[in-house]
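Q: Got a model I'd like to go through with you. Can we look at a few local features?

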Amino acid sequence: MGIGMRRKTLIRGMALAAFALFVASCTTTGQKQVSTHIPVEDVSQEAVGLINSFRASHGLGSVIVDPTLVEAARYQAVAMASANVLSHEIGGDFNARMNSAGFVYANAAENVGAGHTSVEDAINAWIRSPHHRENMLMPDATRIGMVRADAPSSRYRNYWALDLASAPAGSPQKILPAKAPATVAGKKPVEPASAISIGGLTLPLAQ
């Protein structure tokens, strides 16, 4: 049985009742040194087909594989496998990692998991978890990267990371019309929510 966690950053949307995902700029990176000897596999091509089928069933557009997100997911998966820990923070703060990768003005989300037997098993586990499925159904997502890192002697034997974003790395800040009620600059992210899914149950993590 695999387990999973999800991370996303939320800000209040302008003139919208719903929240929107946004990666806020950070002045510190917080990235850590991780092992370079962990076996890894880029599973993005298989994952993108499964994710696109899931998104299509909910009337959402398809996503593509993004090499920069693949590298971001690789870093996180290896960090977890190296430390034998399922955590969004073990490789550094999520905002800082995404900013460092160039996704400063992109909406972004991340799912991580461990102990899954296949790409399909990992995706299906996230689909069964409300928080993880919300990330995969991010309306403006356009690209993904997904990686598995193996640690055979660890508790879960493998670790998975899926990163999603709305725009390529290096995309500029969107300029809003003059009539807009507010500007993007100066928005503060709401405290991100995390959860862990075990056997279909979603439990909040202690802060």
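Q: Is Asn-84 buried, partly exposed or exposed?
A: Asn-84 is partly exposed, at 35% relative accessible area. Buried means under 20%, exposed over 50%, and partly exposed in between, with a 1.4 Å probe and protein chains only. This is a predicted model: local features need pLDDT of at least 70, side-chain atom pairs need 80 or more, and totals for chains, interfaces and linings use all residues. Residues are numbered from 1 along each chain as its sequence is written, and side-chain values use heavy atoms, without hydrogens or water.

Q: What is the phi of Asn-84?
A: Positive, about 55°, although Asn-84 is not a glycine. Most residues other than glycine have a negative phi.

Q: Where is Asn-84?
A: In the loop between H2 and H3. Helices are DSSP runs (H or I, at least four residues), as are strands (E, at least two), numbered from the N terminus.

Q: At what angle do H2 and H3 pack?
A: About 140°, with the axes 10 Å apart. That makes H2 oblique to H3. Oblique is what remains after under 35 degrees (roughly parallel), over 145 (roughly antiparallel) and 65 to 115 (roughly perpendicular). Axes are lines fitted to C-alpha atoms over the stretch in contact, and angles run from 0 to 180 degrees between N-to-C directions.

Q: Which residues of H3 make the contact?
A: Arg-97, Met-98 and Ala-101 of H3, with residues of H2 including Leu-69 and Tyr-75. Contact means heavy atoms within 4.5 Å.

Q: New topic. Where does Arg-157 lie?
A: In the loop between strands E7 and E8. Arg-157 is exposed, at 51% relative accessibility.
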